[in-house]
Amino acid sequence: MERGHYRILVGMAAGVGKTYRMLLEGRRAKDEGRDVVIGYLEPHDRPETAALADGLEVVPRLRTEHGGLELEEMDVDAVISRKPQLALVDELAHTNASGMRHEKRYQDIEDVLGAGIDVISTVNVQHLESLNDAIFELTGVRVRETFPDRVLDEADEVVLVDLSPEELQERLRTGKVYPAARAEVALENFFRKDNLAALRELVLREVAEDVEARRQPAALEPFSKYAVAERILALVEPQPKSQRIMRRAWRSAQRLNAEIDAVWVRPDGHEPSEEEATQLAALRRLAGVLGIHFLEVDGGNLVDTVRRVAAERGSTYVFVGTPDESRRREIFGGSLLSRMVRELPGLDVRVVADRAKREERAE
Amino acid sequence: MSVLTFFRRRPPRHSGPKRVLVPFTGGELDPVVLDAAIRVAQAEDATLVPAYLIVTPLEYALDTPMQHEVAVAMPLLEAVEHAALRAGLAVDARVETGRTPTHALHRLWDAERFDRIVAPAPINGSHGFTPKELQWILVHAPTETLILRPDPTLAKGFRLARTLDAVA
């Protein structure tokens, strides 16, 4: 059976209108003649949302008891046996009550999709597992209900439901999200403007990365992918300036979506001094923090060795610091940079300069 | 600016230039602290070692690349290094990870020699070390330590914040 189409509406926080949008899309689908049901809806006591749900068939929920509380969960079996064309399922990161078929609602949704039913679902960005620490740093709130990143990766569509922080705060103030007493507390805590701005940035970035990831495989055939994929090779030495070379390589790699290798070409027979060993250890630590592959290679001829390593690693860019060469060596031996450009065909060579030496911009 | 100087232990004898460590964390370093550290390094003809301390949560390996933290640290280190180089100093920047800022600091001075440490104290909600962390540094630092408390009347916008990205 063909898997159902999965569309996820993602927002920066509660109240941006994800559930509203889900219901709106459900109603439109119904108007177009599709068989639509509500698998699970979190009405949040919002009159506008409840009004939009009116007229859409609701699959009865499962009732269960936990710690003296009566809880309601989506009845996955009932949704599957009802066989609609489209099911609307709110809050995919929700944790089910114990005793349900699955621990998490996103797992329930996978069963529904597996039965060939299309699903539209909703989620807030703070529930994304990989962002858990970033969210904690930004907001001071440790989110416990998380879902794995693969859920977004595997969805057919990820759609951003966006609202500016100011608009969301206004919705809170007018009681459209929470009752007045709760809204006041929320505005002073999680829904502070700086929090919302940071969350919005996160969700925008997440969706942008998702768009990028979806665009590439379709657009790039194996040959063209090889031609445009970037891999940076940073040439380092056990010297303080190499820290800068690795940092600049990392920043460029962020823009190029590239892997980075850093290589120290150790002159044949050279034993690092105590100072060099300290510098090398620091470079290795930085490489670990930045996710750079650190290589140490023996070689008498720097350019030959770089050419060999670049070929082995599939490098497209070489980052090199400003060489400390004497004028005499440049004249008689040829400068290192000109030899690199000449002897490394097909590689871009970038010289990482000390920007503190840059001339001040004229006012 | 208040300066509290603690002469903990006599620095070990060694060859090579002196090294002044300026550890910081949390996405900002007060320019007053940086300026003071630069002046200390200039006076001693020392190499300045600005070190960004990254806190790695327990659920991750210590050397896990933390993209969010690194994205904050790199432009900031670049800006600090730029300011120090402009002042004519030799710079040898570092990034160190740990379970806490003090753990990262401990790992750093376990691995390398420093002749002086200049540590920022928090002020007006800035991200300097907490009083508890400063106390720990004073007790455990292997060398002389200066705790710098910036002028509290300085506006927050004056700080060298994470948004300072212009130099890279």
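In this predicted model, strand S9 (residues 231-235) of chain A lies alongside strand S12 (residues 317-321) of chain A, the two pairing in the parallel sense over three bridges. Within this pairing, A:Ile232 has A:Tyr317 in S12(A) as its bridge partner. As background, the strands of a sheet pair through backbone hydrogen bonds, in either a parallel or an antiparallel manner.

The pair belongs to an open sheet of five strands in chain A, whose order is S11-S10-S9-S12-S13 and whose pairing is parallel. Strand S11 (293-298) and strand S13 (348-352) of chain A stand at the edges of this sheet, and because each has a single partner strand, one side of each is left without a neighbour in the sheet. From one strand to the next, the twist averages 25°.

Chain B can be taken next, starting with its overall make-up. Its secondary structure comes to four helices and nine strands, which, read along the sequence, follow the pattern β-β-β-α-β-α-β-β-α-β-α-β-β. Of the 168 residues in chain B, 44% are buried, and among the contacts in chain B with a separation of 6 or more, 82% are between residues 24 or more positions apart.

Two packed helices are described by the angle between their axes and the distance between the axes. For helix H3 (residues 101-111) and helix H4 (residues 131-140) of chain B, the axes come within 10 Å and cross at roughly 25°. Angles under 35 degrees count as roughly parallel, and the crossing therefore makes H3(B) roughly parallel to H4(B). The crossing in which H3(B) passes H4(B) is right-handed. On the H3(B) side, the residues that meet H4(B) are B:Pro101, B:Thr102, B:Leu105 and B:His106, while H4(B) brings B:Glu133, B:Trp136, B:Ile137 and B:His140 to the contact. Sorted by class, this contact of H3(B) with H4(B) has four nonpolar, three polar and one charged residues.

It remains to ask how the two chains meet. Between them, 25 residues of chain B are in contact with 21 residues of chain A. On the side of chain B that touches chain A, the elements that give two or more residues are helix H2 (67-86) and strand S6 (94-98) of chain B, and the largest share, nine residues, comes from H2(B). By class, that side of chain B has 13 nonpolar, four polar and eight charged residues.

Notes. Residues are numbered from 1 along each chain as its sequence is written. Chains are lettered from A and ligands numbered from 1 in the order in which they are written. This is a predicted model: local features need pLDDT of at least 70, side-chain atom pairs count only at pLDDT 80 or more; totals for chains, interfaces and linings use all residues. Two strands pair if DSSP finds at least two bridges between them. Axes are lines fitted to C-alpha atoms, for helices over the stretch in contact, and angles run from 0 to 180 degrees between N-to-C directions. Two residues are in contact if their C-beta atoms, placed from the backbone, lie within 7 Å. Ala, Val, Leu, Ile, Met, Phe, Trp, Tyr, Cys and Pro count as nonpolar, Asp, Glu, Lys and Arg as charged, and the others, Gly among them, as polar. Angles under 35 degrees count as roughly parallel, over 145 as roughly antiparallel, 65 to 115 as roughly perpendicular and the rest as oblique. A crossing is left-handed if the near helix is turned anticlockwise from the far one by less than a right angle, and right-handed if clockwise. A residue is buried if 20 or more other C-beta atoms lie within 10 Å of its own, exposed if 12 or fewer, and partly exposed in between; C-beta atoms are placed from the backbone.
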